[in-house]
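Hi,

Here is the structure I promised you. Have a look at it first, and my notes follow below.

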Amino acid sequence: MVGGEAAAAVEELVSGVRQATDFAEQFRSYSESEKQWKARMEFILRHLPDYRDPPDGGGRLDQLLSLSMVWANHLFLGCSYNKDLLDKVMEMADGIEVEDLPQFTTRSELMKKK
């Protein structure tokens with residue numbers, strides 16, 4: 001009977017992952033590529049339990065979505081933000097692997113070349 005319990009536990013886990021993925025899908029921006037969305041969705045799903053809105057509201061989910069956009073904009077578009085904010089999102093994203101990221105040259109780097 002242990003096998004049946006294990007199968008039920010796996011099915012419950014898979015169902016939970018599907019539900020979380022379906023929930024996150026509503027936050028995809030129409031301009032995000034598949035690669036960008038998969039990375040940002042991983043960021044969101046990783047931290048969703050810590051950012052669920054309390055019953056009385058509070059905007060915790062909005063905060064998580066904003067942090068995910070800061071991270072994605074920095075990675076994929078080269079946007080720069082306050083150092084403390086970037087440190088926070090980079091720490092939150094630790095372990096999320098994204099391949100073939102674009103390379104950006106900062107204004108400071110361009111000015112050094114002259």
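Leaving out neighbours within four places in sequence, Val98 is in contact with Lys35, Ala39, Trp71, Leu75 and Phe76, where contact means heavy atoms within 4.5 Å. Before you read on: this is a predicted model, in which local features need pLDDT of at least 70 and side-chain atom pairs count only at pLDDT 80 or more, while totals for chains, interfaces and linings use all residues. Residues are numbered from 1 along each chain as its sequence is written, and side-chain values use heavy atoms, with hydrogens and water left out.

Val98 also turns up in the largest nonpolar core, which has 23 residues; Phe43, Leu64, Trp71 and Val98 are the ones with the most contacts inside it. (Such a core is a set of buried Ala, Val, Leu, Ile, Met, Phe, Trp, Tyr and Cys residues joined through side-chain atoms within 4.5 Å; buried means under 20% relative accessible area, exposed over 50% and partly exposed in between, with a 1.4 Å probe and protein chains only.) Two or more residues each come from helix H2 (34–47), helix H3 (60–77) and helix H4 (83–92). H3 gives the largest share, nine residues. In soluble globular proteins, nonpolar side chains tend to be buried together.

As for the overall layout, the protein has five helices and zero strands. (These are DSSP runs, numbered from the N terminus: H or I of at least four residues for helices, E of at least two for strands.) Of its 114 residues, 25% count as buried. Among contacts between residues at least 6 apart in sequence, 51% join residues at least 24 apart.

Now the aromatics. How many aromatic pairs are there by the ring rule? The count comes to one. The rule pairs rings of Phe, Tyr and Trp (its six-membered ring) if their centres lie within 6.5 Å; planes under 30 degrees apart count as stacked, over 60 as edge-to-face and the rest as tilted. The ring centres of Phe43 and Trp71 are 5.3 Å apart and the planes are at 20 degrees, so this pair is stacked. It links distant parts of the chain, with Phe43 in helix H2 and Trp71 in helix H3, 28 residues apart. Phe43 is buried at 0% relative accessibility, and Trp71 is buried at 2%.

Two other H3 residues are worth a click. Leu65 sits in helix H3 and counts as buried at 14% relative accessibility. Not counting residues up to four places away in sequence, Leu65 touches Phe27, Arg40 and Ile44. Asn73 is in helix H3 too, and at 19% relative accessibility it counts as buried. Beyond its neighbours within four places, Asn73 is in contact with Gly78, Cys79 and Tyr81.

The largest pocket holds about 150 Å³ of space. Its lining is made up of His74, Gly78, Cys79, Ser80, Phe104, Thr105, Thr106 and Arg107. (On a 1 Å grid over the protein atoms alone, a pocket is an open set of points where a 1.4 Å probe fits, with protein on both sides within 12 Å along at least five of seven lines; lining residues have an atom within 4 Å of a point. The volume is the space filled by probe spheres set on the points, which are joined across faces, edges and corners.)

Last one: Asp100 lies in the loop between H4 and helix H5 (107–113). Its phi is near 55 degrees, a positive value in a residue other than glycine. Asp100 is exposed, with a relative accessible area of 66%.

Cheers
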